[in-house]
Amino acid sequence: RQGEAIANFNWLHFSRRSWALYVNLHNDHDEILRIAPGEISVFPNGTNPDHVVLNRSSAMEPIEFHADADIEEAMTTWKELVFDAFAVDPVARTLIAGWAWAMWLRTLSQEKPILKLSGRMESGKSAIGRLLSMLIYGEDRASVSTTAANFSQAASEPLIFLDDLETRQLGPAMSQFLKVVATGITRTKRTLGTLSEVSLERGDALVLITAIESLPMREVQSRTYEIETREEYKMSAFNLKARLDALMMARSRILSGFFRLLAERILPVLQRGDEERYFSYFAKDGHAKFRTNNFLALMLLMVDAISAFAPLWPPVVEKSAVKASKPGLLAGAWMLHQDQVDLETGTESSICLGYLNALLGQLSHTGILYHSAQMDSDDRDLLIRKAQSFGLNELVFHENGDGRPHVVGFRASTAELFWALAKVGKEMGRGFPISNPRALGQRVANDLPLLEADEWAMSSNGRVKGTPKYLWVKCGYKSEAFKVFAVKRLQEEFPW
């Protein structure tokens, strides 16, 4: 046969030239399925309009394609066996479903968002991964792998399921892998046994993780959909083994029905460019996962298409009287859901926020209280010594209910703040992971929504010898009135 092997030697390939999806059926006849707008064909591997040759995967069980598969029956069976078993809230359930089905067309998006499931033991998070991997591969693919193995799998498999990822495993190597996969960037490394040749590694898979701790790096978090599983959403008398066995038997029928759905409903939309309608629902500025808007639009298209045969709409959307608004309402529910989760996880992992709070704690808990009418000379000396030890000489104070003033902010340039936070890190025995003031400024700009959510307020506050100064205030005083008060207090106490 004359064939043109695809670059990543995957068993699954999407051709943008013909808007066709190619799937290696892994059968004894070495056949592949070509799913194009309005048609599905079976060809010998390499004999097809696009001259595509697909490799086999040792992880895949054969798929028996049923040309007569009924879409409604297939999607209803999938809903009963898989979707209804997701132990998460109804909105998150549709988010998982859209993410999983979008896997088949994942190469349409550079970003490959990570799905992270967290929850208490026995809450059902691993069951979700095992159901999804059974549907795709025909077997339970939960694994704990080395980083090298993960990179190899990401180049050849569409889905990687990393079960029970522990904090100690989230080191630099794993962090780099997650970043490469989520962002779609390429990792370059020297080819083994050579001095000048390099190899390129690119993750082309979706990664599903079950873990308790937040993932490292904001670059990864902003491309991660985090969902909490809860026992209250688990099905009564849930038997995972029985469900996996039933899914294994129904797998080929379900996938055959989905392949027909792709050909009849989904690929024609993409070919016409009508997916822009779904993309427009995520055009909201500043939502937590805006970097994955293209993939979110693809996910929403999947859920909308499936819901024509097996309705997936959560109650908050189903109650809408206008059918045309359901995709838009679901998009809004997804964004709200992930905005709330991102606020919690981002606050936990923001370097800037953690060190700023530690700095304020250092000042507040060492007796540095300033109020000219209540402080004697010893207090004044303590204030000066401690503040100067952190490079901060201009502090903002407010009175507690008991009339005692406490530190709620300070005025500093980016460089002064950098050295103050570095000193905090040194005193805590951790060091400071940001290398210079410029990098700190970029981090602050990136984390500003998290800082504001934690009741920090930052505003430009003049220049000293050409260097910009900023006012930092905490303790819930984010109103403009308090900013005016803080600036006035600074001008009164530090007129220079």
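Which residue in β11 does Ile160 stand opposite?

1. Basis. This is a predicted model, in which local features need pLDDT of at least 70, side-chain atom pairs count only at pLDDT 80 or more, and totals for chains, interfaces and linings use all residues. Residues are numbered from 1 along each chain as its sequence is written, and side-chain values use heavy atoms, with hydrogens and water left out.

2. Strand β8. The residue opposite Ile160 is Val207 in β11. Helices (H or I, at least four residues) and strands (E, at least two) are DSSP runs numbered from the N terminus. Strands β8 and β11 (residues 206-211) run parallel and are joined by five bridges; a pairing requires that DSSP find at least two bridges between the strands. Strand β8 covers residues 159-165, and six of its seven residues are buried, so the rest of the structure largely encloses β8. Here buried means under 20% relative accessible area, exposed over 50%, and partly exposed in between (1.4 Å probe, protein chains only).

3. Positive phi values. His26, a residue other than glycine, has a positive phi near 55 degrees. His26 sits in the loop between β3 (20-24) and β4 (31-36) and is buried, at 3% relative accessible area. Ala237 also has a positive phi, near 55 degrees, and belongs to the loop between β12 (224-229) and α7 (240-272). Ala237 is exposed, with a relative accessible area of 79%.

4. Salt bridges. The structure holds 15 salt bridges, each defined as a side-chain nitrogen of Lys or Arg within 4 Å of a carboxyl oxygen of Asp or Glu. One of them pairs Glu39 with Arg34, with 3.5 Å between the closest N and O atoms. Glu39 is partly exposed at 42% relative accessible area, whereas Arg34 is buried at 9%.

5. Asp68 and Arg253. These side chains form a salt bridge at 3.4 Å, N to O. The pair links distant parts of the chain, 185 residues apart: Asp68 lies in the loop between β6 (52-53) and α1 (71-81), and Arg253 in helix α7. Asp68 is exposed, with 57% relative accessibility; Arg253 is partly exposed, with a relative accessible area of 39%.

6. Glu226 and Lys116. A salt bridge of 2.9 Å, N to O, joins the side chains of Glu226 and Lys116. This pair also links distant parts of the chain, with Glu226 in strand β12 and Lys116 in strand β7 (residues 114-119), 110 residues apart. Both partners are buried: Glu226 has a relative accessible area of 12%, and Lys116 has 0% relative accessibility.

7. Helix α7. At its N-terminal end α7 is capped by Asn239, a side-chain oxygen of which lies 3.2 Å from the backbone nitrogen of Lys241. For such a polar contact, a pair of N or O atoms must be within 3.5 Å; within protein, one must be able to donate a hydrogen and the other to accept it, and residues adjacent in sequence count only if both atoms are side-chain atoms. At Ala250, α7 bends by about 55 degrees, the bend being the angle between axes fitted to the seven residues ending there and the seven starting there. Gly273 follows α7 and has a positive phi, near 80 degrees.
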